[in-house]
Amino acid sequence: MNKNVILYATILIFGLAAPFVFPAFKVQLSILCVLIVLATTWNIQGGEMGYNTFGNILFYGLGMYLCASVQVGMFFPLAEWTESGGEKTFVHTPTQFFQGMAAGLVVAAVVPTIVAGLIGYAILGLRGHYFAICTLGLGVAAGEISGGIEIIGAGQGFTTPPFPNVGGLEARGEFFYFLSFGALVLTFIAVRAIYSTRFRLILNAIRDNEDKAEAMGIETMKYKIIGWMVSAFFCGLAGGIMGGLVGYIDSTDVAFDGREMGVFMVLMAILGGKGTLWGPVIGATVFHIFKEGFWTFFLGWQYVALGVLIVVIVIYFPEGIMGWLREKYPERFGEVVDEADRKAQVELK
Amino acid sequence: MDFMVFQYPMITVQACLDGILLGILFALIAYGMALQWGVMNIINIAQGDLVILGGYIAYFMYLYGIHPAWGVIVSPIIMYFVGVGIYKLVINKVVDRDLFISILATFGISILFMQLMNFAFGADVVLANSGYGTTFLFDSAVVLPNSKIFSAFVSIVFAIGLVIYMKKSKLGRAIRATAQNARAAKILGVDTEKVYAATFGLNAALCGVAGALISITFTIHPYMGLPYTIRSFMIVIVAGLGNLPGVAMSGMGLGVFEEFADYILGTEFRIGSVFLLLVLILVYRRFKLSRKREYLK
């Protein structure tokens, strides 16, 4: 326990000091926080529950649109705002901006949770690949449909309110960094708390054998929906923050970006190790570092690299980093290893 | 909302005919998907991208002055080897693994193909002009491009050809045996590895035919692949695996649905309505099965 406290304190101090130690990477660090949130919440479905979803992007995009819409709509007419596009006819005062952002984030977190609860009963009754394809369809449909709605900018996109002129660029970076870091800490604490209860065991039971779990008297559907609602809450929050950070929302390229963010969250969780608490965090960090390096040096070829990366990770590395560590140092994970058994296995190989 | 459909019956006829001709093409793609799904238990997300790649082959023949209809012959031959190549590189490593692994792996292939096509052919919407002219029916109230009729005809020919091939030829029998029970087929001397490669190649070849036809009837674009995958998935789950007349019927039904969605909701919601229909169909089937305490699998 003591070791854990030191570990968490170190990470927290590092997280709080990061924007001042690496001022040039503030935006990258904020994106990293958002990615970790997405990977961790995907892991609740994909890793713990065995429901491989491509649809969490739905909540992310929904949160993004909702946060920006509330932030604008609280003070100005939304339709005129989107019509004016990039040329700003309305300017938020600092107070309005922060009030709007706070209200927007609340809405961005709550509404996707409700949506997840409403569609959860229908969608989560599907299993295996049907669930995967259905959620894939859901994400793409949301992108296509939101691209046709006039009031949120349709095809031409939605410019989120610019950061008010207090403290300049530095303040903007720090604000969004601490916002996303706060979301990350909140997510991590919540997920860790959930994982330490019976809830995680139920999710694992659903993953391992849902029929048997049901036969044991567990109301699997209830727990599946609650799990999805938890994911939706934090995905929506992350989406709201990301919308403000990027400053521009496009229906298929930023918000409901199944081709990028929707795959990233799956990939990060798998890379780090499905079904572990730390796996998605490690996976997201490694992935983000790799991605930024690649995106900078091989500009234009990033999707080619992404495609190859998906195939390579999925085929050769499906257990992820945590799975690999677990195999190498099982003692650290609290597994008892019989030396003779291990030797025999090595000889067998 | 546009209610022209109900006021002018000829528009309904037009939409139905367009939809049926389009649906026959979808059914051809779905047939390929059903084939590999049944035999290898793989859902290929890259299906639509193979279609688009096949379309670009025909388009390039058109650019070099050859009539694009010849793409119907050339494209499947090239695509067969592309399919076998993909199988040897990627699919044979995921074929007996968890289904989600294969979905994700083919998703990766899909992204890769999309981007490579974007580099190689540019991001423009293109079409190969076949110069077939148009047919006018009912005092020019219904306009049908001959290329659509041609493409539906060619699709039917290929589909019937494939059905006969699967019934009569040695490879066809081997494929069907593997689909029924891969292990038993292996024991009886069927080289399942070869059968899998051939199945994936055949599927890619079918995609090649469909792509060549799409390039002369509609338009192609590097990022247009995913809707074709979703359409063929939808057709297969509605029809059920191994139900060929069902595939043809549900393909045509989807085509008609799309044409009407296009007229009534507007073109910008066309793709969105296809994806939403998929969700609705899956949810409907889920509720229907859950009454018997069963689930889709």
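Biologist: In chain B, where is confidence lowest and where is it highest?

Modeller: This is a predicted model, and within chain B the lowest confidence falls on helix α1 (residues 4-7), with a mean of 61. The highest belongs to helix α9 (residues 192-217) of chain B, at 89. Across chain B the pLDDT averages 83, and 94% of the residues score at least 70.

Biologist: What ipTM and pTM does the predictor give the complex?

Modeller: The complex receives an ipTM of 0.82 and a pTM of 0.85.

Biologist: Let us turn to the fold. How many helices and strands are there in chain B?

Modeller: Chain B has 12 helices and 2 strands. Read from the N terminus, the order of its elements is α-α-α-α-α-β-β-α-α-α-α-α-α-α. Chain A has 16 helices and 2 strands.

Biologist: How does the radius of gyration of chain B fit a compact globule?

Modeller: A compact globule of 297 residues would have a radius of gyration near 19 Å, and chain B has 19 Å, so the two agree. Its C-alpha atoms fill a box of roughly 65 × 55 × 40 Å along the principal axes. Buried residues make up 50% of chain B.

Biologist: What about chain A and its radius of gyration?

Modeller: For 349 residues the value for a compact globule would be near 20 Å; chain A has 21 Å, which agrees. The box filled by the C-alpha atoms of chain A is roughly 75 × 45 × 40 Å, again along the principal axes. In chain A, 47% of the residues are buried.

Biologist: What share of the contacts joins residues at least 24 apart in chain B?

Modeller: Counting contacts between residues at least 6 apart in sequence, 75% in chain B join residues at least 24 apart. In chain A, residues 24 or more positions apart account for 82% of the contacts with a separation of 6 or more.

Biologist: Is α6(A) enclosed or open, and why?

Modeller: Helix α6(A) is largely enclosed by the rest of the structure, because 17 of its 19 residues are buried. From its first C-alpha to its last, α6(A) reaches 28 Å, close to the 27 Å expected at 1.5 Å a residue.

Biologist: What about α3 of chain A, then?

Modeller: Helix α3(A) is also largely enclosed by the rest of the structure, since 17 of its 18 residues are buried. This helix covers residues 56-73 and reaches 25 Å from first C-alpha to last, close to the expected 26 Å.

Biologist: Which residues have the most contacts inside the largest nonpolar core?

Modeller: They are A:Leu38, A:Ala238 and A:Ile310, in a core of 196 residues. Helix α2 (residues 9-40) of chain B gives the most to this core, with 17 residues.

Biologist: What is A:Leu38 in contact with, apart from its neighbours within four places in sequence?

Modeller: A:Leu38 is in contact with A:Tyr60, A:Cys235, A:Ala238, A:Met261 and A:Met265.

Biologist: One more topic. Where is B:Asn41 found?

Modeller: B:Asn41 is in the loop between α2 and α3 (47-63) of chain B. Its phi is near 55°, a positive value in a residue other than glycine.

Conventions: Residues are numbered from 1 along each chain as its sequence is written. Chains are lettered from A and ligands numbered from 1 in the order in which they are written. This is a predicted model: local features need pLDDT of at least 70, side-chain atom pairs count only at pLDDT 80 or more; totals for chains, interfaces and linings use all residues. Helices (H or I, at least four residues) and strands (E, at least two) are DSSP runs, numbered from the N terminus. The radius of gyration is taken over C-alpha atoms; the globule rule is 2.2 Å times the number of residues to the power 0.38. A residue is buried if 20 or more other C-beta atoms lie within 10 Å of its own, exposed if 12 or fewer, and partly exposed in between; C-beta atoms are placed from the backbone. Two residues are in contact if their C-beta atoms, placed from the backbone, lie within 7 Å. pLDDT is the predictor's confidence in each residue, from 0 to 100. A nonpolar core is a set of buried Ala, Val, Leu, Ile, Met, Phe, Trp, Tyr and Cys residues joined through C-beta atoms within 7 Å. The expected span of a helix is 1.5 Å times one less than its number of residues.
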